[in-house]
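Here are my notes on this model, as numbered points. Please read them with the structure open.

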Amino acid sequence: MILAGPAATQAADRPTPSGYAVPRYVTLKFGKVNARAGPGDDHRLLWVYRTKGLPVQVVAETSEWRRVCDPEGGLAWVHKRVTDGRRAVINLQNRPAPLYRKPKAGAEAAAFLNVRAMAALDRCEKGWCKVKADGASGWSRQGALWGTADPPQCR
């Protein structure tokens, strides 16, 4: 799955400790993940994430730690062992998000992703992203669901 835009291409020109582009999306591997003020266990605990599979965007990294932006706009450091390279999205709109049968304007809705619901991201191509949740799948415009936009989501 290649999800690269201009920002990802520029980031790929600069080496990172992991070798992966920054920014990039990952998910949280566990249902309890400590979020810290800095890259190390000696830094202050800011909060605890309690959602396994939550999509987050890596915006900086060290060899062992990842600075992540979460869907609420929070920035914190988490250890690399608590992240997973699998991609997911979340619907932050105030209404269910339609998932279309085909990746084109005017296509029929195949399903709806509920408010605050997460879905696995299959792939993005030509401005559309295919997602899967609870046995249903469909296409959404890239950027309509959190976890699909190329630019950094936290400043």
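1. First, a cut-off for exposure. Buried means under 20% relative accessible area, exposed means over 50%, and partly exposed lies in between. The model is predicted, and the points below should be read that way.

2. Is glycine 31 buried, partly exposed or exposed? Its relative accessible area is 36%, so glycine 31 is partly exposed. Glycine 31 sits in the loop between S1 and strand S2 (33-36).

3. Which residues does glycine 31 touch, leaving aside neighbours within four places in sequence? They are Tyr49, Arg50, Thr51 and Lys52. Alanine 60 is 29 residues from glycine 31 in sequence. The C-alpha to C-alpha separation of the two is 22 Å.

4. Now the second largest pocket. Its space comes to about 240 Å³. The lining includes Thr27, Leu28 and Lys29, together with Lys52 and Gly53. Asp84, Arg86, Arg87 and Ala88 also line this pocket, as do Met118, Ala119 and Ala120. Lys52 is also a contact of glycine 31.

5. Which strands supply at least two residues each to that lining? Strand S1 (24-28) and strand S11 (118-125) do. The largest share, 3 residues, comes from S11. By type, the lining residues divide into 5 nonpolar, 2 polar and 5 charged.

6. Last, threonine 16. This residue lies in the loop between helix H1 (6-12) and S1. Threonine 16 touches Val22 and Glu61, not counting residues up to four places away in sequence. With glutamate 61 there is a side-chain to side-chain polar contact of 3.3 Å.

Terms used:
Residues numbered from 1 in each chain as written. Predicted model: local features only at pLDDT ≥ 70, side-chain atom pairs only at ≥ 80, totals over all residues. Heavy atoms only, no water. 1 Å grid on protein atoms, 1.4 Å probe; cavity = no way out; pocket = protein on both sides within 12 Å on 5 of 7 lines; lining within 4 Å. Points joined across faces, edges and corners; volume = space filled by probe spheres on them. Helix = DSSP H or I, 4+ residues; strand = E, 2+ residues; numbered from the N terminus. Nonpolar A, V, L, I, M, F, W, Y, C, P; charged D, E, K, R; others polar. Polar contact = N/O pair within 3.5 Å; in protein donor to acceptor, adjacent residues only side chain to side chain. Contact = heavy atoms within 4.5 Å. Buried < 20%, exposed > 50% of the residue type's maximum accessible area, 1.4 Å probe, protein only.
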